[in-house]
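Here is a short tour of one protein chain, written to be read alongside the model. Please keep the 3D view open as you go.

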Amino acid sequence: MILKYGLIMGAFLSVLAVQSAAAPIGVRSGAHEGFSRLVLDVPPGTDWAVENKDGLARVTVAGHADGFDISNVFDRIDRSRVADVTASTSSFDIQFACECRVTAFEQGARMIVLDVSEASAAVQKDEQIETPSDLSRVAP
């Protein structure tokens, strides 16, 4: 009886693990002095990249095909820097409302932080930011 119960619980936990791995990535936001912040909650070891282009930044998550939950992005930020956010299965675009750019870093093992701020004169347009999963952790 105990063995049967253990097998049932094991199967149930396996199904939960598969379901959680196949979920859209949540995107949260926050307003700060001088920048708007978007945060993605990802599994540890996730490979990702950010590409700044004229008027937008594209965030790509390698190996992810389940989209992004962007439904609450504008709950905590206005549209003074981020005009819109659109998503596909493996990437999402941040459309700028200003002469902005995104700087990105990992926070802990499970968060990708994207700060949208006014572009400095030293930043070249169409800059590619490749960010390996072993990036040094940055304190808040």
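Which residues of the largest nonpolar core touch the most other members? They are Leu 38, Leu 40, Val 50, Phe 92, Ile 94, Val 102 and Leu 114, out of 25 residues in that core. Two or more core residues come from each of strand 1 (25-32), strand 2 (35-41), strand 3 (48-53), strand 4 (56-61), strand 6 (82-87), strand 7 (91-96), strand 8 (100-107) and strand 9 (111-118). As background, nonpolar side chains tend to be buried together in soluble globular proteins.

**Overall layout**

Please bear in mind that this is a predicted model. The protein chain has one helix and 10 strands, and from the N terminus on the elements run α-β-β-β-β-β-β-β-β-β-β. Of its 140 residues, 34% count as buried. Among contacts with a separation of 6 or more, 59% are between residues 24 or more positions apart.

**Salt bridges between strands**

Now for the charged side chains.

| Asp 41 | Arg 28 | 2.9 Å |

Take the bridge between Asp 41 and Arg 28, with its closest N and O atoms 2.9 Å apart. Asp 41 belongs to strand 2 and Arg 28 to strand 1, so this pair ties together parts that are 13 residues apart in sequence. Asp 41 is partly exposed at 35% relative accessibility, and Arg 28 is also partly exposed, with a relative accessible area of 41%.

Asp 93 lies in strand 7 and Arg 58 in strand 4, so the pair ties together parts that are 35 residues apart in sequence. Asp 93 is buried, with a relative accessible area of 12%, while Arg 58 is partly exposed at 32%.

**Aromatic rings**

Which ring does Arg 79 lie over? Arg 79 sits over the face of Phe 74, at 3.7 Å from the ring centre. The structure also holds one aromatic pair.

The mean pLDDT of the chain is 81, and 71% of its residues reach 70 or more. Among the elements, strand 6 has the highest mean pLDDT (98), and strand 10 (residues 128-131) has the lowest (47).

Where does pLDDT stay under 50? One such stretch is residues 11-20, for which the model has zero contacts beyond four places in sequence. Another is residues 121-140, for which the model has 35 contacts beyond four places in sequence. Where pLDDT is low, the predicted coordinates should not be read in detail.

Methods: Residues are numbered from 1 along each chain as its sequence is written. This is a predicted model: local features need pLDDT of at least 70, side-chain atom pairs count only at pLDDT 80 or more; totals for chains, interfaces and linings use all residues. Side-chain values use heavy atoms; hydrogens and water are left out. A nonpolar core is a set of buried Ala, Val, Leu, Ile, Met, Phe, Trp, Tyr and Cys residues joined through side-chain atoms within 4.5 Å. Buried means under 20% relative accessible area, exposed over 50%, partly exposed in between (1.4 Å probe, protein chains only). Helices (H or I, at least four residues) and strands (E, at least two) are DSSP runs, numbered from the N terminus. Rings of Phe, Tyr and Trp (its six-membered ring) pair if their centres lie within 6.5 Å; planes under 30 degrees apart count as stacked, over 60 as edge-to-face and the rest as tilted. A charge sits over a ring if NZ of Lys or CZ of Arg is within 6 Å of the ring centre and within 35 degrees of the ring normal. A salt bridge is a side-chain nitrogen of Lys or Arg within 4 Å of a carboxyl oxygen of Asp or Glu. pLDDT is the predictor's confidence in each residue, from 0 to 100. Contact means heavy atoms within 4.5 Å.
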